[in-house]
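Me: I'd like to go through this model with you, one topic at a time. Can you start with the terms we need?

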Amino acid sequence: MLPAVVKLCCGISYPHLRSMAGLQRTAVAVIGQEITHLQRWGQIQYHMRAHAGFKYNEPKPEDIKPVPSPEDQLFYVQQGQEAMRKALSVLDDKDEWKVEITESNGDVICSKVIPGARRVFRLDAVLDGSVDELYDILFVRVEEMHQWNPSIQHIKVLKHVGLETIVTHEVSAETAGNLIGQRDFLSVRHSCKQKSSVYLGGATIQLESFPPQAGFVRAEDGPTCIIIQALDEDTRKSHFTWLLNMDVKGWLPKSIVNQALPRAQLDFTRHLRRRLTASATLG
């Protein structure tokens, strides 16, 4: 995150990246089909009921925020799906990725410049957590992220749109050594499960009812996504692929931003590993 807010996607080696390419193309196709099939509100209701059995810590009824109108529901779902489709397309394009950081634990960060001259960053790691556990931490319990990630001051879910789409407001923490400074984000986040994988996509969204907050620079992120894929040999571990695509706004030189963002990805992953370790200890 700037060290604060990295959002909320490829394998540790290039052979693994090639093996994931087909999966990513399949996900892009599936999401494109979803957008076509969910044009009518009645179909969205059916889609939500079909996924209501997702087994990991569904939100309690008292936690569900008042839902928008059917027209707004469709808008938020489509925005989240389109963000995920675009992000997966960036990951699926294997050209011109450049290795930025290789860690001793196997984590790799690569980058490339996309249209618009923005540099995006792709983190590849293996985590000691199941797909369901990571989905729970990163999506279902997203409001608890500040409890384990000191780079986050708070994340608030403003709208629940069924079980798969949320609108969030996030504020990064004011931390020592953070050259970028505090930012706030208003985002739509969408989730999609395919067999033994989960896809989490998102992008900035504009709401007249929630303008930029006084004292903060409102940054923009997305399209961005995370892919969580179970390891074939050990389903208690997951491939974690994260595309970070962020415009921090303000007047910071690109050179500073392009150094800070990949380091922030590593910080986030380190904190996430500690969270997973704590869960395993308590379990």
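Reply: Helices (H or I, at least four residues) and strands (E, at least two) are DSSP runs, numbered from the N terminus. This is a predicted model, in which local features need pLDDT of at least 70 and side-chain atom pairs count only at pLDDT 80 or more, while totals for chains, interfaces and linings use all residues. Residues are numbered from 1 along each chain as its sequence is written, and side-chain values use heavy atoms, with hydrogens and water left out.

Me: Where is E100 found, then?

Reply: E100 belongs to strand β1, residues 98-102. Its relative accessibility is 31%, so E100 counts as partly exposed, where buried means under 20% relative accessible area, exposed over 50%, and partly exposed in between (1.4 Å probe, protein chains only).

Me: And what does E100 touch?

Reply: Leaving aside residues up to four places away in sequence, E100 touches I109, C110, S111 and R119, a contact being heavy atoms within 4.5 Å. With S111 there is also a side chain to side chain polar contact of 2.5 Å. A polar contact is a pair of N or O atoms within 3.5 Å; within protein, one must be able to donate a hydrogen and the other to accept it, and residues adjacent in sequence count only if both atoms are side-chain atoms.

Me: Which residue stands opposite S111 in β3?

Reply: That is F121. Strand β2 (residues 108-114) and β3 run antiparallel and are joined by 7 bridges, and two strands pair if DSSP finds at least two bridges between them. The hairpin of β2 and β3 has 3 residues between the strands, and G116 there takes a positive phi near 100°.

Me: What else does β3 pair with, and over how many bridges?

Reply: β3 also pairs with β11, again in the antiparallel sense, over 7 bridges, and L127 has S238 in β11 as its bridge partner. Of the 10 residues of β3, 7 are buried.

Me: New topic: which residues touch the most other members in the largest nonpolar core?

Reply: That core has 36 residues, and L138, M145, L200, I228, F240, F268 and L272 touch the most other members. A nonpolar core here is a set of buried Ala, Val, Leu, Ile, Met, Phe, Trp, Tyr and Cys residues joined through side-chain atoms within 4.5 Å. Elements that each supply at least two residues of it include β3 (118-127), α4 (131-140) and α6 (254-282).

Me: What does L272 touch?

Reply: Not counting residues up to four places away in sequence, L272 touches L127, L134, I137, L138, W148 and F240.

Me: What is the mean pLDDT of the protein?

Reply: The mean is 78, and 72% of the residues reach 70 or more, pLDDT being the predictor's confidence in each residue, from 0 to 100. Over residues 1-67 the pLDDT is below 50. Where pLDDT is low, the predicted coordinates should not be read in detail.
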